[in-house]
Every structure is written in structure tokens, then in C-alpha cells.
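Take a walk through one part of this model with me.

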Amino acid sequence: MFQQSSYTDQLTFFQKIRSFDYVLLICIILIGIISAFSMYSTDGGELLYHSKSHVIRLIVFFTMMIFLSFLNIKFWHATGYLFYVIILSLLIWASFYGITASGSQRWINLYFINLQPSELMKIAIIIFYAKFYHRMQAGNVNNFTNLLIPFAVLALPIVLVASQPDLGTAILIALSGLVVLWLAGLNIRYFIYSSLAFFVSMPFIISFLEPYQKLRVLTFFNPERDPLGAGYQIIQSKIGVGSGGLTGKGFLKGTQSYLEFLPEKHTDFIFTLFAEEHGFTGSVILLLIYAVMIFRIIRIGSIVRSFFAKLFCYSFASAIFIYITVNMSMVLGLLPIVGSPLPIMSYGGSSMLATMIGFSVVMSAKIYQRQLIS
Amino acid sequence: MFEGGDSTFRKLNTINRRMFIISAAKVVVFTGIVTRLFSLQINENKKYLTLSDKNRLREWRLPPVRGQFLDYFGNVIAGNLKVYQLHVVPEQVENFKYLMLRLKDILEIDDKQFSKIIKKKNSQKPWETLIISENLSWDQFSKINFYLHELVGAKPVLSVARSYPFKKNYTHVLGYVAQASENDLIKNETIKKNHVPGLRVGKIGLEKTFENDLLGTNGVQRYEVNAYGKRINQLDHKEGQKGKNIRLTLDTEVQKLSNELLAEKSGSISVMDIYTGEIIAMHSSPSFDPNLFLYGISTKDWKEIREDPLKPLINKTVSGLYSPGSTIKPLVALSALENDVISPNQKVHCNGKMEMYGHTYHCWKEKGHGTMNLRNAIKQSCDIYFYETARKLGVDRLNLTSFKFGLGNTVLNGVLANEKKGLVPSTEWKKNNLGVGWVLGETLITGIGQGYIQTTPLQLCLMTAQLANGGFKIYPRITVDKNQESLENIKYKMAQNAFKGKEKKYSSPIRKVEELLNIGSKKYLPLYRNPENVKFVLEAMFASTNEVMGTSYGSRIDDPKYRFAGKTGTAQVKKITEKARELDLHISQIPYEERDHALYIAYGPYQNPRYAVSIIVEHGGSGSKTAAPIAKKLFKLIIDRHELREKITNQNLINT
């Protein structure tokens, strides 16, 4: 009875509150708390710059996420293309007037935050595709024009991001886009062909890579070939994780990070610190929380009525999964070092903003699960 | 319900199917990550834990504390002194340049030294300690402390360094330490193992010989360091093992007196226990202060020492080679008696010179001694008598006796690296080494201790000791041996061996049992054939010192407690020409380098001898005028110290 009357545009506030997905919410809060403590640990057990601003961001973006969740899913559908265009313009802006740090021009100064548009692009591309395929007939998906547009939409930001240069984010954007295309029903042939083409062109791509990127690829295959240079990060990260053991060295007792052997410990290598201090047990628990989170998003996707919401949820769940696995594989020495943050855990405003926007879309899909989009 | 009918259905079908595939893939990938985590954290945990410890733990080795040298009475003669040093850790200094300039000003560091320090600073890491000064004077130290508030980063530190409190007195015996060189590291494993920058090691003398015992082991401080090698906190501190202390047989008082007696002179004094072989004193003059070498000797001081014509760098006691002169005569007499070449009653007439093989051989006494028997010849040191005795004896038999009594070989068995063997000539030696046959005239001059024969002062001391103890072999030593046999034991063994020597041919069953049980000692064997011969020579030496006309009669001590017996020697450095002989110049009229060496060997107290002495004063003139008076003063002290020494010896026997 509740269902019949309530899933309209005119949901009451309490109904909205009640249809929040609390499992997902708890997962987000849990990871948020874990990340706050990890950040506190990277600051050497003091409330310093990184931990303070991370906690502030968590609170601000989490609150923002709650508020955005009340927006009707139709809003996201309506603004899908616009959102993409704005982020794309920001990317272009960044490539001209962006702030350069550690050899890469990827930030734009918005006074209250240094925004990294490439992170937001990870979400924007999913929303764009979800809208693009929402109304499309199954038979038209593999039409030539319907192939060309998504390709252009994906290729543009990738080229922009890769030229910043930020290979890691470019790859993640590409992967997010490809997941949506796959779910949207693009013919398997194209995936096979393009991956074949990718492998064939691999040597050429490598020849276009920056020297430091080439070095990273080489180092991945044999970290010991340059233990103090390019291989240093992988080796130190593996030492950190490995020395954690079953239960870890204890909170604030991770020597690898505390003694600064670990590079980029609050961003890409935050998981190393966590694994060192909390061991196998902690790592598996964290992974479980992530798994529950992903599962919940997929579950929401499976119950929503609109194709837009469904495609978004499925894609976002997969994208989050990709971010997590790429980051973890990297710190565990399974993939070459490419800059890729761990969602929520890693320090970084833009990444967190993008993730939180994603969550609010998912939450909105849950709240307005019976909403149809014309 | 859904808009769009079939197409929508197909779309949903696809997305759900494909989502299922992706989800399956996710499970696989997550499992993969967990597996990886498991392999890193559980399976290889030990490996990574070790690697992590290797990362964060760093050991700092501290210089070992060097063992001390003690004299027989337990006084420290080479110890570890507390010194004040000034350290600076450049990393902790805000304005290094300013600090250095201030320090330069306060400590009055000269430009050369200053640039050396700067150079050193540039060669090391910024968190490594830079030693500005290794040995601050008290003045400098208090000055630094006074200005400390404006010298942020400068650390006055208390450290240990070698010190030789008796300065000149033990230089040649102990040697000295200085900073370990590359060569030291290559040659000595123990040094290499315990080396830390700035480590001092023995360069010469006993400091070098006993390096491995003295060195000790490093203390270790274990620190946790960060990725940049900076120390974060100290985890543990392991004390190193202090080097062993080494007690010497030397007596500082006698050593000091020796130094005084030879002041301004070039020469050597050795004193030995005639039974235990313990060296009581061993001094070479002139000496120098070994403390100068600790922090690198100044060019000026070094030049002074190196260019001193009296050669302070040479340890004359073991490295100085001298013709023994007349001090060899007791041995020549003994050899002749042992070989039945002469009898004590053999008479030789001395009229100052003798002709033989176309040469004229002179006695030191121009007018001659008249008719001499052996006793008088030793007493008055008649050269003519010993020319004649040597001629009858022949150089080869003298050679054998000399070797037996310790000439021609090192005394301390390599304990002092620069000890020389000396030379006791024989016909075979000359043929092999000079390629020329022996000339009989050379036998004559060997008989009075001139010619090829060369001995070190310590050899002469050992020779005297082995005569004075009745003619038994002893084993000289400079370090105290815990297992040193007691005097009674040694004397008992000597008596046993003497008895056995008499009954050589007679082998009783008791003897055989003794041999089987190895009771009869192979040590302290008699060096004579007939003990009466040794007694005769010793008695003649007594006469030489204590009877009128004896060559050292002027230096005698009548008190039986101190009475000693000796033999003078005057070794020619240059062949005396006929012209010079006629001139008969006074010593002061002869250039220093051409003056005779003065020698004296002695043992005492006469009735119950215990100590042997040998004295050499280079270019000191005659033995009786220069060397013998030294013995007189020396014996007074040696005998006075005897009681105390015995007390210490007995204590040690009880203690060990």
C-alpha cells in the first residue's frame, strides 16, 4: 500500500528519509571513519594539515551528498549532458590555466578548493552515457552514429587528461566509460576488435609515453632493477603490507609510513598504511565493507525502474570496483604504479567530491526508485 | 509497466546479463586481491618483517675502550684519559657558517686546520657528527661553555683518549697509538672488524704487538631511522667489551731512574730478573713524549724528534747494535774454560801490546798489566790475555758459547717487532756472507768484543743474567704471565737439571720414571759443562768491581745488601790510529761521533744474586767512568724495590 501511493514526485520528506539506503550509508560512514583515522596516522598521530582537511571534506561532502540525494533522479537525467559539458570545459580550462604540481597540470583554482576536473569526469562520463542510452532502442545501439558519438565523448576527455599528463586518471576514465558501453549493450565484437587493436598498437603507445611512464611500466615487471629509484615505491609498499602480518603493527605503529619510507602515503598508498597497521584482518574487513557497498549499489540498480538509473547504478558500482581494484593491485605490486586514489580513503577533495556525487545519484535513484523518466 | 515493450525488454535483458558477467568477474578479482594480501601478509610476513626492520633499524658502532697497560705494581702506564671534545652536527645548526667562524675565533683555529674541518664537513652527511676539536684544553673548554648560549649546535663532549702518564719513560716499550691507517685495516682483521672512524690503534711497540688483546669490541647503539637516515629514537645500547688490560713486568720507579740517569745521553739500560727472566726496566735514551702522537704530531715536533742526532726514534735496547767490548770477556773466559783451552792458572804476560800475524795488537793499558792469570785478566780487563785466550779458543767455539748464552738471537721472541738479532761471527758465517775466509787476527779482536760481533743491550743483559743464575737458561718476558712459575720452583728445577747434568750417563730407574711422567723439566737447562767454570767467572766479575785495581772498583757498593759484581766495556767506534794513540787525547777533545761507547754489565746482590743489568752509553767514553757509576745508582734502587716486588709477586701467586 505504501508502494502504490508513494513512488511519485510528491514523496513526503519522511518517506524520502525512510527510503534512504541505510546499508550503503553505513558503509560510507564506516569507510569515512576508517579513512579519518588512517589520515590521522599519516600525520604521525597528530591532528595536522592532512587529517584536518580530510575530516572537514568528509563532513562537508557527506552532508552535500545527503542533500543532493533528495533531488529527483530526473534532475540528473535532465542535466546529464550539461554536467558533462561543464566538466569538459573545466578540463580544457585546466589545460590552459591549470595549476601545475609535480609535473602535471591538472588542477584549477576555485579559491575554496583546488578542483581536479579529471576526477569529476569519471562520474560525468557515466551520467552522460546513462542519459545517452536511456531512450535508445536496443537495435540502434550498434548504429554507426550511435557508436561515433560515445567514442568522441570518451576520447575527448581521455586525450585531455592524458596530456596533462595524468595517465592513471585517463585510464580510469576510459575504463569507466567502457563499462557503461558494455552494459549498454554494445556488440561484443567491438570490444574484441578494439582490445586486439590496443595490443597491436601497444608498442606505439609505449613509444609515445613520457620517459617516467615508460620507467614505471618497466619497473613493474622487475621492481628490483632500480630499488632506490622507480622501483622504490613498489618495494616499500610491499614491505609495508607484508610486514603487517595477520593483525598488523597496531594503530599509529606502522613503521614504514611513520618513518617516511612510504611515498604518497596519504593519497595513493593509504591502503599500504592501513594494511601495515591493521594487517590481513583489517584489510579483509575493509575490502568487505567495499564489497557490501558495491553490492548495495548493484542491488539498488536492480530495483529501480528507469533505465537511466539502472545503467548509472550498475556502471557506478563497476567504476567504484575498478578504482578499488586498480589502486589495490597497484599497492600490492600487481599493476604498474599509476596515480589512482582509493575511493573515500585517499586524501584528495576532487576524488571525494566525485565519489560523493555518485553516491547521491545512487541514493536519489533509491529514493525515487519508481520514478519513470520520459 | 516499462515503456517501450520489446526493445526495452531486450535492453534490460542485456544489461542484466552483462551485469551478471561483470559481477562474476568482480568476485574473481576480489578473491585475487584477498589471495595476494594473504600471500604478502601471512605467507611472506617474516620476509617483509625482516625487510621492514632492515629499513628502520640502523646500528651505530662506538669506538671500543682500549685496554690499559699496567706496570708490575698495578700503576696505569698507558690509560684512557677523559678528554673534552667539541662536536657539531651540521644538520642541527641554523647558521653553520656563522657558528664555524665564531668557533674559529674562540678556539683560535688556524686557517689550515679550519679548511680541513670544512673539507671534512663536506665529505660527510649533514646528520653525521663533525668533530671540531678532539682535545680541547681546559681553557678552551670553559671558554666554549661560557659562550655556549650563542653557539647553537655546538656540543662540548666528554670522551676518552689514550694517555701515557709517564710520558717519556715508557715510549720505546709501549710505543704509541694513532689513527688507524688503511694499511692497519688491511693487515689486521680485528681492527677491521671493530673499526670506527677516528679509531686509534697501536703503531709501534707493545701497543701494536698486543693490538688484538687491547682493542676490545665496539659498543653498539641501535637507532630507529627514517627513510632519510635520520635517527628518530634509540632502541637499545649494547656496551662493548673493554680491551684486556696488560700488566708488564716493568717497575716504573726503576724505569724513571733509568731515564734520569741517561738524561742528555744516548744509550740504554736494561734490568732483568735472573731467574724469572722478567724485565724490570728497559729504557732507551733519549726518549720523547708519545702523547704528542695521539692527535697527529705537529710538523715542528716531528722534525725535532726525527732530526735529533741522538736518534730518539730508535729503541736502542733491542734495535741498537753495539760491539760488546770487554763485556764479552766473561763469556770468552767461560768458553775457554769449558773447552779446556786454558786453566784459571794460565799466565800471560802483558806489556801493552803484542805482535801477531804482522799486526800489532794493543792493550787498553799502554804500559801493560804485567803477568796476569785469568782472574786478574777479567778483573783488570787485560786485552792481551784475551787475545791469547781467543787465539787458543778459536772463533767457532766462542760462537757456540755465545749463542748458548743468548747472543745472536732475539731475546723477547718477537714481542717487540723491531728487535734485532745481532751478530756472532764464525768462520762459516764469514764465508757465507762476505765470501772471504776467516782471518786469525779477527779471532783476536772478537776476543775483546770488537770486530764483527754485534749485540743489543738486552742480549748483554740476558747473557749476564744467565751467567749470574749459575748458568741456566731463562725465558725473558715483559708481560706478566699468570702461570709464571714461582722462584722456588725455578730454582728447584735448575737444581734438578744441574743434578741430571752431572749424572748424564747414569740412567737410574727413578730417572726413567721421571722422564715418563715428564717431571724433569725441559726448561731451565744448564748451559755449562762444569758449574765450577761459571762460578769462577762470576767470582772474577766480583773482583772486577769490589777489589782494588778492578776496572769498576770506583763504583762499588760496600754494603753487602747492595753489593754487585760487574764487568766494564769500552767499545771502539773507530779504529784507533797509531797517531791518535800517541796523542792520547782526553775524551772532550775527541769529536762526539768518534768517542767510544761505554758499556757495563752487572749482577747483584753479590751473595744471593737476583738481578742483572746492562748499561750502554753511546759515545760515553770508558765503561768504568761513565757506565759503571750508573749501575751503582741503579742497584741501590733495584734492591730497595726488591722487597715490595716480592710482596706483590707473592700476592699474585695467592690470587691466581
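The model is predicted. Begin in chain B with strand S18, which spans residues 597–604. This strand is mostly covered: 8 of its 8 residues are buried. Look at the directions of the side chains. His597(B), Leu599(B), Ile601(B) and Tyr603(B) point one way from S18(B). Ala598(B), Tyr600(B), Ala602(B) and Gly604(B) point the other way. Both sets are buried.

Now turn to the partners. Strand S17 of chain B, residues 565–571, pairs with S18(B) in the antiparallel sense. The pairing runs over 7 bridges.

The link between S18(B) and S19(B) is a hairpin, made through 6 residues.

Next, the surface. Which residues form the negative surface patch? They are Glu366(B), Glu578(B), Glu582(B) and Asp584(B). Glu366(B) sits in a loop of chain B. On one side of that loop is strand S15 (359–362), and on the other is strand S16 (370–372).

Is Glu366(B) buried or exposed? Its relative accessibility is 55%. The cut-off for exposed is over 50%, so Glu366(B) counts as exposed. Strand S18(B), by contrast, has 8 of its 8 residues buried.

Key:
Residues numbered from 1 in each chain as written. Chains lettered and ligands numbered in written order. Predicted model: local features only at pLDDT ≥ 70, side-chain atom pairs only at ≥ 80, totals over all residues. Heavy atoms only, no water. Patch = residues over 30% accessible without salt bridge, like charges linked within 9 Å, V, L, I, M, F, W, Y side chains within 5 Å. Areas by Shrake-Rupley, 256 points an atom, 1.4 Å probe, with all protein chains shown as cover. Salt bridge = Lys/Arg side-chain N within 4 Å of Asp/Glu carboxyl O. Lys, Arg positive; Asp, Glu negative; His and termini not counted. Charge placed at Lys NZ, Arg CZ, Asp CG, Glu CD. Helix = DSSP H or I, 4+ residues; strand = E, 2+ residues; numbered from the N terminus. Buried < 20%, exposed > 50% of the residue type's maximum accessible area, 1.4 Å probe, protein only. Pairing = 2+ DSSP bridges.
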